[in-house]
Amino acid sequence: MESAPELELEDMLLTAATALRGAADSIGIVTTFYFHTQAAPVSVVNWVYEIPMANPNVSANSFSHIQSFALNASVIDDRTGFGVTPSPSSFHISGTYHGDEATFRSKIAPEFLRTLPTPASTKIKTLSWLDSLADMWGRPLPQPLSGYNEHDDFYAKSILVPETAPLSPSALLRYFTYIATNGSSTPSWFSELNLLGGPASRINNPQYSSAYSARDSLWVLQHYATVPSSANGDTQPTIDFVNGLNDALGMGYGGYPNYVDPELSASQAHAVYFSQSVYERLASIKKVVDPEGLFWNPQAVGV
């Protein structure tokens, strides 16, 4: 690795641009954006399944099948994306398919549903690109230019699961047992297991370099819980519940830097959000472009 003083100007500018893609809060402010646009898809297949889960064993076995499906190159490619939102008694599964609805219904859906409990409800529909986005969000896309006041008092954590070490049956059983045991007594929370990898993943094979180093991930999990107003400022039960979701899956996973965990120390955050080689490179760039540490936060590069 080059030390900071040895970085040539051209190399420094290129590496700083790379660092901004994933670590801009520590590097600088982008004042002008240039967009290379793509043509919108003519149509998108949006699909949703609500599937009851009788107990943690059924949940664990069902997700094991879904995980095998996500790695099955004979039925899935870069046109398919989905996420699973579990509750103590069901899976809400939603996704998109950038292909024709007939192929989804005849090839993809049967393999996805094979061995799973019978869905309580099914929605499969072909939409325009913008209607697909609004359908996934559950509300119109336009937002007010003033008076926007949505906010939440919450705590969140994340887990990145590598493709080379998918979630094991024992980890899944612990996880869904925790949800079944504790989920109903926690007022407002959600867990999302979203597909990042799989065959021909565009996320794991990016066109441009960035500071995001987890290009071998199969899943990203977001664990999120709102602090209830009845808590009177006591955030600890919410933090404990979210930590329990992470802990149920075991240790050693990385995290997603866009789901910031404010409870992590700087050194913990650096280890969770960046690989060692990427962090060392970012620290080297930081010394050149921001030697005074102007761009600071409690988990910033160089802290």
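**Contacts and sheet**

Reply: Leaving out residues up to four places away in sequence, Thr80 touches Trp47, Thr96, Tyr97, Ile108 and Leu195, where contact means heavy atoms within 4.5 Å. This is a predicted model, with local features needing pLDDT of at least 70, side-chain atom pairs counting only at pLDDT 80 or more, and totals for chains, interfaces and linings using all residues. Residues are numbered from 1 along each chain as its sequence is written, and side-chain values use heavy atoms, with hydrogens and water left out.

Me: Is Thr80 buried or exposed?

Reply: Thr80 counts as buried because its relative accessibility is 9%; buried means under 20% relative accessible area, exposed over 50%, partly exposed in between (1.4 Å probe, protein chains only).

Me: Which strand is Thr80 in?

Reply: Thr80 is in β2, residues 80-86. Strands (E, at least two residues) and helices (H or I, at least four) are DSSP runs, numbered from the N terminus.

Me: What is the strand order in the open sheet?

Reply: The order is β4-β1-β3-β2-β6-β7-β5, 7 strands with antiparallel pairing. Two strands pair if DSSP finds at least two bridges between them.

Me: Which strands stand at the edges?

Reply: β4 (121-127) and β5 (154-162); each has a single partner strand, so one side of each lacks a neighbour in the sheet.

Me: How many bridges pair β1 and β4?

Reply: β1 (residues 44-52) and β4 pair over 7 bridges, in the antiparallel sense. Asn46 stands opposite Lys125 in β4.
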